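Open the model in cartoon view and keep the sequence panel beside it.

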Amino acid sequence: MPVDPGLAAEDYVYLTTTGRVSGEPREIEIWFGLAGDTLYMLSGRGDRSNWVKNLSQDPAVTVRIAGTTMEGRARIVQEEEEDALARRLLLDKYRQGYGGDLTDWGRTALPIAVDLAGV
């Protein structure tokens with residue numbers, strides 16, 4: 001089932017990973033960008049963030065946007081072109097509404113993708 005493109009306008013996604021130590025569900029609220037059936041997020045703490053550590057161990061995740069819940073497979077973005085897309089999506093979406101400067105975050109944060117289609 002294709003992802004509703006209207007969900008891209010929402011402010012937050014609720015990402016649920018499986019705790020790498022506890023095995024329990026762990027949910028965070030985070031900014032996101034959506035391109036087709038792929039959701040992108042940026043980790044300001046890079047691979048030191050607990051949610052990134054969790055999805056690195058178990059890439060099966062759940063995302064909830066505006067009451068719509070979907071399953072997906074998370075991955076650290078490796079390809080240069082996709083990296084640039086993730087950064088552009090999030091900076092374009094949040095730069096105007098945010099009171100601070102997102103330049104450093106947009107340049108240095110670790111891009112994470114969640115593939116939602118065909119899961």
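Two strands count as paired if DSSP finds at least two bridges between them; strands (E, at least two residues) and helices (H or I, at least four) are DSSP runs, numbered from the N terminus. The model is predicted, so local features need pLDDT of at least 70 and side-chain atom pairs count only at pLDDT 80 or more, while totals for chains, interfaces and linings use all residues. Residues are numbered from 1 along each chain as its sequence is written, and side-chain values use heavy atoms, without hydrogens and water.

Select residues 13-18, strand β1, which pairs with β2 in the antiparallel sense over six bridges. Within this pair, leucine 15 stands opposite isoleucine 28 of β2.

Now show the whole sheet. It is open and has seven strands, antiparallel in pairing, in the order β2-β1-β5-β6-β7-β4-β3. β2 (25-30) and β3 (33-35) are the edge strands; each has a single partner, so one side of each lacks a neighbour in the sheet. From one strand to the next the twist averages 35°.

Next select residues 50-57, helix α1, which packs on the sheet and touches β1, β2, β4, β5, β6 and β7 (contact: heavy atoms within 4.5 Å). The direction of α1 makes about 55° with that of β1 (axes are lines fitted to C-alpha atoms, for helices over the stretch in contact; angles run from 0 to 180 degrees between N-to-C directions).

Finish with residues 80-94, helix α2, lying across β3, β4, β6 and β7 and running at about 80° to β4.
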